[in-house]
Structure formats: C-alpha cells, structure tokens
Amino acid sequence: MASQKKQLFKIIILGDSGVGKTSLMNQYVNARFTQQYRATVGADFMAKEVMIDDRMVTLQIWDTAGQERFQSLGGAFYRGADCCVLVYDITNPKSFDSLDSWRDEFLMQGQPKDPEHFPFVVLGNKLDKATERKVQESKSQQWCKSHGNIQFFEVSAKDATNIEQAFQDIAKAAASQEKDEEIFFPTTVTLTKQDPKKQTKQGGCC
Ligand SMILES: Nc1nc2c(ncn2[C@@H]2O[C@H](COP(=O)(O)OP(=O)(O)OP(=O)(O)O)[C@@H](O)[C@H]2O)c(=O)[nH]1
C-alpha cells in the first residue's frame, strides 16, 4: 500500500436553522437556489471537485440540521473533518450569537488534534438582504479575530455573491491541515456524473 496525498476533504457546515446552510451548499455545487425552505434532517452531503495548488481534490461538503429536534449527529460524525464552516444570517442577530456554541460543539464533539489551529471559516449569509442587516460586518470581523483569526466572508446563497471565493478559501483551509503529514486515504466516494461541467454526488446520514 503506497501512501498518497489526501484527495478527499471533509467540510462540515454548522449554524442555526434557516441561516442558509443547505442553500449555500446547493449554490456552490449546483449553482441553484430556491426560496422554499425544507428543514435538513440529520445531515446530507454533496461532493465537488476543485483545484487547489495545481491538484484536483474532492470536497465532501456536509450540510447539517440546524433545528435541534433534527440533530442526531455524534462525535463520530464530526471527527475527521478538515474544515468547519460556521454560518449565520446577517439579518438575524441570534444566529450570530450562536456562533460560539456551534464552535464549542464542534471542538467538543470532533476533538480535533490541534483545536487551537483547527481551520474554521465564518460565513455571514443573505448579503442580498443588506438593507435589513442587523449584524454589522465589523462585529463579525472582531469575533473572528478574537477566535484565532478565523477567515470571514459575507455571502449570498441567493445571488451567489462571494460563494466561489469563500469555498476556494474553505478548500485551502482544509488542505492546510495536511502540510506535515502524508496520509493514506482510501477513496470512499465515487463521483456520479450529473452534469458534464459539474461532478456531484449526494448522500445522507443519520
Ligand atoms: N434572501 C436570501 N434567502 C436565503 C439565502 N440563503 C437561504 N435563504 C432562504 O432561507 C431559508 C432557509 O434556507 P436553508 O438553506 O434551508 O437553511 P438551513 O440553514 O439549511 O436550515 P436547516 O435545514 O433548518 O438547518 C430558505 O427559505 C432559503 O430560500 C440568501 O442568501 N438570501
């Protein structure tokens, strides 16, 4: 068995119900958006291939349930994550206040090897509704700075503002974890071609 550089990165998206986690994933992977709300139960994933530093890797993006009654994810689910994306809605201050508890929940359950340097990325979603903004950008920047210089983007899953750039940085943050270790990683996801331009696979759990 030869060892090889990691080719699949697990990204977990956390945040309150309704902040737009599913919509962000759907916009990034399928370039689609719907106004309809359907609560996520447990978790769903989609996969997308991206280029990072001249090599093709697969992002396995896990969208989780924000509604408490649909949360059934244990530590085993969080473990092995390469990056955790924390999402809030810029028109909903409560969803911003929840960032601390989502971050704590991930660190407690996932027990990453090096919690101080584990890569989080914060997304303030629904930027298309900036006229209804209740969370100032500077407040989020401050929060990110005080939690170890977390990368931060304001985005819109609706009109796709900053989505590509945010996920490029999420991919890079995930890959930054493997710098000092070459890992054997048997491929567990077979991509199904749905669209000649995009390769995605959907799955579910829990
Ligand atoms: N205007 C606007 N609406 C959005 C945006 N993103 C999501 N929405 C809407 O917000 C609602 C909730 O979106 P979801 O993506 O289902 O939210 P979620 O965080 O996955 O919710 P849970 O599954 O309950 O955790 C839906 O009606 C979406 O259409 C956005 O960027 N702009």
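Buried residues, meaning those under 20% relative accessible area with a 1.4 Å probe and protein chains only, make up 46% of the 206 residues in this protein. The model is predicted, so local features need pLDDT of at least 70 and side-chain atom pairs count only at pLDDT 80 or more, while totals for chains, interfaces and linings use all residues. Residues are numbered from 1 along each chain as its sequence is written, and side-chain values use heavy atoms, with hydrogens and water left out.

Let us start with the overall build. The protein has six helices and nine strands; these are DSSP runs numbered from the N terminus, with helices (H or I) of at least four residues and strands (E) of at least two. Of the contacts (heavy atoms within 4.5 Å) between residues at least 6 apart in sequence, 74% join residues at least 24 apart.

After H5 comes Gly148, with a positive phi near 90°.

Strand S4 also holds Tyr88. UniProt annotates both Tyr78 and Tyr88 as "modified residue: Phosphotyrosine"; such annotations may be inferred rather than shown by experiment. Are these two tyrosines buried or exposed? Tyr88 counts as buried because its relative accessible area is 0%, and Tyr78 is buried because its relative accessibility is 3%. Leaving aside neighbours within four places in sequence, Tyr88 is in contact with residues including Ser140, Phe96 and Phe152. Tyr78 is found in helix H2 (residues 75-78), and among the residues it touches beyond four places away in sequence are Ile12, Leu14 and Phe106.

Finally, turn to the stretch that UniProt lists as "short sequence motif: Effector region", residues 37-45. Over residues 37-45 the chain is 0% helix and 33% strand, and the end C-alpha atoms are 17 Å apart.

Terms used. Buried < 20%, exposed > 50% of the residue type's maximum accessible area, 1.4 Å probe, protein only.
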